[in-house]
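I opened a new structure today and wanted to find my way around it. Here is what I looked up, in the order I did it.

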Amino acid sequence: MCGVVAVLGKRNASHLVIEGLKKLEYRGYDSAGIASVSQGLLQKIKSEGKLVNLINKLDRSTKDKLYFDNSIALGHTRWATHGNISLENAHPLTSYNKIAVVHNGIIENYQILKEDLISLGYNFKSQTDTEVLPHLFMKYINLGNDLLDAGRLVLKEIKGAFAFVAMSVDFPDQLFVSRNSSPLAIGLGDKANFVGSDAHSIDHLTQRIIYLEDGDHALVKINNINIFDKNYKKVKRKIINIQAEIGLVTKGGYKHFMEKEIFEQPVVLPQTTSSFVRNNSEITIDLDKLGFKNKKSLIICAAGTSYYAGMIGKYWIEQIADIPVTVDLASEYRYRKPSIFGQSSMLVISQSGESLDTLMALRYGKELGLKTNAIINVEGSTIDREVDYSLYTRVGPEIGVASTKSFTSQLVILFIIAACLGKKFNNLKTLQIQKKCHYMNMLPNAIVKMLELESQIKIIAQNIKNSKSVIFLGRGLLYPLALEGALKLKEISYIHAEGFAAGEMKHGPIALIEDDVPVIMFLLSDGNEDKSISNLQEAYSRGAKIILIADKKCIVKASFAHLKVEIPHFENEFQSLLSPILMSIPAQLLAYYVAKERGTDVDQPRNLAKSVTVE
């Protein structure tokens with residue numbers, strides 16, 4: 001997954017696709033490819049590595065008179081998820097040299113579909129989940145369906161978060177496109193149309209853009225575009241002039257960057273996972289570089305949201321790997337003369353890689369003789385250059401000041417570190433590692449389901465938008481999330497909010513409770529829920545407005561809550577272990593919609609900056 005570009009109706013379409021792919025290079029990728037239909041034949045060229053390798057191949061092929069100058073082409077830059085980095089796994093993926101598909105996202109049920117297709121005689125040449133798509137198209141076209149009907153039958157079979165474009169030699173003037181929780185834009189031209197991962201990828205071709213909505217699919221032709229919603233009803237979507245509304249070019253049709261970045265998470269988190277997990281169970285983190293040749297303790301330093309990610313990481317690493325972890329605020333670390341007895345490694349966490357207090361903590365750790373490592377999103381940043389070892393989240397630029405996709409991607413890496421350390425020092429067996437890696441692959445679809453709670457979260461937002469103060473509660477892994485939920489709310493809505501461990505309510509915070517003060521609890525059935533519900537009852541009896549975001553069992557037990565959001569059902573251990581990632585979605589949505597209700601500047605809240613470069 002990574003970048004998609006398609007061109008229909010322009011001469012030399014393949015070179016125009018290449019220009020679009022160049023605009024997507026910032027996202028990070030490890031292979032690229034392009035396909036075109038010419039004289040009834042499907043031609044494709046793919047390459048590993050950077051786009052320049054594909055361009056060189058394309059130039060040589062053109063000289064050799066391969067027909068890459070026709071009016072239809074699609075291309076892709078891939079960041080490996082299912083399957084390693086190879087020509088076979090690069091997109092476009094094809095079926096019998098008649099169908100080509102480029103795809104972002106995850107086809108969750110691809111293994112079952114693959115087995116069915118193999119039984120029908122279809123040959124698979126890649127290890128990707130994507131390859132089921134061209135074979136499914138081939139299957140249904142062979143049964144006499146046109147491209148639109150074939151695409152609809154494909155959509156009925158697949159599950160997951162995805163955006164894809166399909167091209168067929170039997171319909172050389174058409175493209176079938178679909179979007180489900182992964183962005184896709186259609187550009188309108190004069191006797192030509194275009195498709196891209198976002199408007200930026202095709203703004204060299206047009207200034208008139210349509211953003212598909214979730215569940216939409218479309219048949220794109222040279223002279224017209226037919227768009228249908230998830231119920232197959234023909235719909236019209238707003239045409240945006242990106243010259244006049246330049247701010248929307250990178251917002252992908254969303255009102256705010258923060259909203260876009262919340263909804264990007266099912267798409268970008270697999271990019272994080274694929275950097276460190278290969279072949280479903282092989283974790284590629286270098287523990288020697290991380291500073292763990294021997295079993296010693298770890299110090300994590302960070303600020304703000306990244307600090308709360310570090311707190312969750314502590315729970316995971318201690319639980320899974322039995323390694324003690326200290327989590328320190330970066331702004332405090334170098335001023336308190338910390339002991340490093342028994343420590344070998346420091347891990348700093350920063351989205352920008354430029355946060356000054358985190359940088360200074362890092363430098364102090366170096367002075368103390370610790371191995372220094374970083375979880376960061378920006379390659380080439382100051383922290384990246386100064387640490388011994390960097391672990392990149394690879395979620396693309398995060399523009400909104402309030403961190404969303406960076407937070408969850410940091411958690412993904414921390415969980416993978418815990419599993420890797422657990423394998424080395426706590427004798428986790430191969431099957432246990434495979435299961436934890438499988439959980440990483442389950443995340444995108446689980447997050448899609450959590451995003452579907454949006455309408456319920458909006459109701460809560462309307463109920464608390466005028467509150468002067470809000471209390472968040474959590475226990476265990478969800479305690480740091482209570483802190484993060486409170487931080488998100490105060491950052492962008494300007495409502496005072498505090499997070500507490502649920503068991504600490506009676507040790508002081510209960511004095512803050514008065515009539516209609518919202519008390520929001522994140523809660524799951526983990527064997528300790530009765531204690532947490534008892535803490536809620538204490539707040540309820542003192543007049544608090546109880547808001548519960550929990551699974552069904554907890555909601556039944558805490559029937560006294562005023563407002564309840566029931567999260568979807570997930571497999572028990574997956575839900576328990578990954579609860580901070582899953583429950584961060586409603587926390588982010590709540591902050592966003594409260595701020596939106598209050599009319600604050602969501603992306604650039606007062607007094608805050610994306611990269612804090614002062615201590």
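Predicted model: local features only at pLDDT ≥ 70, side-chain atom pairs only at ≥ 80, totals over all residues.

Entry 1: I went for the largest pocket, and its volume comes out at about 1,000 Å³. I then asked which residues sit closest to its centre. Out of 38 lining residues, those are Asn-180, Ser-181, Glu-213, Asp-214 and Gly-215. Next I checked which elements give two or more residues to the lining, and found α5, β7, β8, α6, α14 and α15. Helix α14 gives the most, with four residues. I also sorted the lining by type: 17 charged, eleven nonpolar and ten polar.

**Entry 2: the sheet.** Two strands from that list, β7 and β8, made me look at the sheet. I zoomed in on β7 and β8, which are joined by five bridges. Phe-164, for one, has Ser-178 in β8 as its bridge partner.

**Entry 3: Ser-532.** I found this serine in helix α17, which covers residues 529–540. Buried or exposed? Its relative accessibility is 2%, so Ser-532 counts as buried, the cut-off being under 20%. Its side chain makes a polar contact with the side chain of Arg-475, at 2.9 Å. Leaving out neighbours within four places in sequence, Ser-532 touches Arg-475, Ala-502, Met-521 and Leu-523.

Note on methods
Residues numbered from 1 in each chain as written. Heavy atoms only, no water. 1 Å grid on protein atoms, 1.4 Å probe; cavity = no way out; pocket = protein on both sides within 12 Å on 5 of 7 lines; lining within 4 Å. Points joined across faces, edges and corners; volume = space filled by probe spheres on them. Nonpolar A, V, L, I, M, F, W, Y, C, P; charged D, E, K, R; others polar. Buried < 20%, exposed > 50% of the residue type's maximum accessible area, 1.4 Å probe, protein only. Polar contact = N/O pair within 3.5 Å; in protein donor to acceptor, adjacent residues only side chain to side chain. Contact = heavy atoms within 4.5 Å. Pairing = 2+ DSSP bridges.
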